[in-house]
Amino acid sequence: MPISGDLLASALASIAFVGCAMTSAASAPGPHTQTRRREVVVNGKRIKTVDVHAHCAVPAAMALINQPLEASGLLMTDTRTRIEAMDAQGIDVEALSINPYWYHAGRDEAAALIKVQNETLVEFCAANPDRFVGFATAALQHPELAAEQVDYAVKTLGFRGVGVGGSVAGVELADPRFHPFWAKCEELGVLVFMHPLGTRELEPSGRLAGSGLLTNTIGNPLETTIALSHLIFEGTLDHFPGLKICAAHGGGFLPSYAHRCDAVCRTFPDRVGKLPKKPPTAYLRDGQLFFDTIVFTPEALRHLIAETGPGQIMIGTDYPFPWTSTEVDLVLRTPGLSDDERIAILGGTAARLLGIAP
Ligand SMILES: [Zn+2]
């Protein structure tokens, strides 16, 4: 996508802010100071912003398998600090998800855990229905059970999305054993939020040891890259054309180097196995895959959008983990977007997919 200085200038000129509060409250715990709510306005219109990448925890569910709490900011017992951070950042709605920690649990244990977890998530959202929606959780290690859990979560509890890891206890999401789960997600039209759990199979090798927190820094986006690549090359996305999957962290490394996937089909057509129906890069932009904005710079987001199209991108903050508190500004500062495209990225697309009132 070309960058035009004039386009950028006109786009920025049409954007205004009201109630732009200081952002230092985003990560400041302790005494609550009144935070002015930042209201995001594009071309004179107040728009609703939606964050599709925000974490929380349900301790009652974690207790069932003695899972420790990673960070106190995940708790929803006091949502005031969280809402103040949202207000400061200009986030109107968070779509809450829980990183899977239960993929090794047995069937009965997993059934009980998911039940209490999803029911509690619904309560979290109901306490502040204007500010929170949730991604249901499911025990993918038991695919038929997971399909039932999604069915119940959507039809009875009212969820419009479901969260998954980037793999399930070492098994790729593209493995045919998960087809019942994908079929249910497709049938119900839910958005699947895919968040990596790291490339844990690499960790015993020591390749990610040492400085740099590489298990997270590159281990997380690497897992997303592997998961998406298999979903494309193993035909999962062909098998379920109605699937909608949002990949965390801008889809990991895949959108940065996706054309190598097209090139391998030309270069080694006899060695790549069964070819997907389309060139691999087409899957990034054809409506099945979505990506959050956690790529840190306007140039990185510009490139992601160049590979995927603006309609595939939604804001992510990773709250309460302080990777970023400036996603709204990132979208506003990314060159080459029309007002409508910015509005879609800031919240319009997520609102449509998750059934959030505009
Ligand atoms: Zn995250």
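Tutor: Two strands pair if DSSP finds at least two bridges between them. The model discussed here is predicted.

Student: In S5, which residue is the bridge partner of His-55?

Tutor: Strand S4 covers 50-55, and strand S5 covers residues 93-97. The two pair in the parallel sense over 4 bridges. In S5, His-55 has as its bridge partner Ser-97.

Student: Which strands stand at the edges of the open sheet?

Tutor: The sheet has 3 strands in the order S4-S5-S6, with parallel pairing. An edge strand has a single partner strand, so one side of it is left without a neighbour in the sheet; this applies to S4 and S6.

Student: Within what arc do the buried residues of H6 fall?

Tutor: Helix H6 spans residues 179-188, and its buried residues are Phe-181, Trp-182, Lys-184 and Cys-185. They line one face of the helix, because the view down the axis of H6 places them within an arc of 160°.

Student: Which helices do the buried residues of H6 pack against?

Tutor: Their packing partners include strand S7 (161-165) and strand S10 (191-195). The helices they pack against are H5 (143-155) and H9 (236-239).

Student: Which residue of S3 stands opposite Val-41?

Tutor: S2 and S3 pair in the antiparallel sense over 2 bridges. In S2, Val-41 belongs to the uncovered face, along with Glu-39. The residue of S3 opposite Val-41 is Arg-46.

Note on methods: Residues numbered from 1 in each chain as written. Predicted model: local features only at pLDDT ≥ 70, side-chain atom pairs only at ≥ 80, totals over all residues. Buried ≥ 20, exposed ≤ 12 C-beta atoms within 10 Å, placed from the backbone. Arc of directions from axis to C-beta. Contact = placed C-beta atoms within 7 Å.
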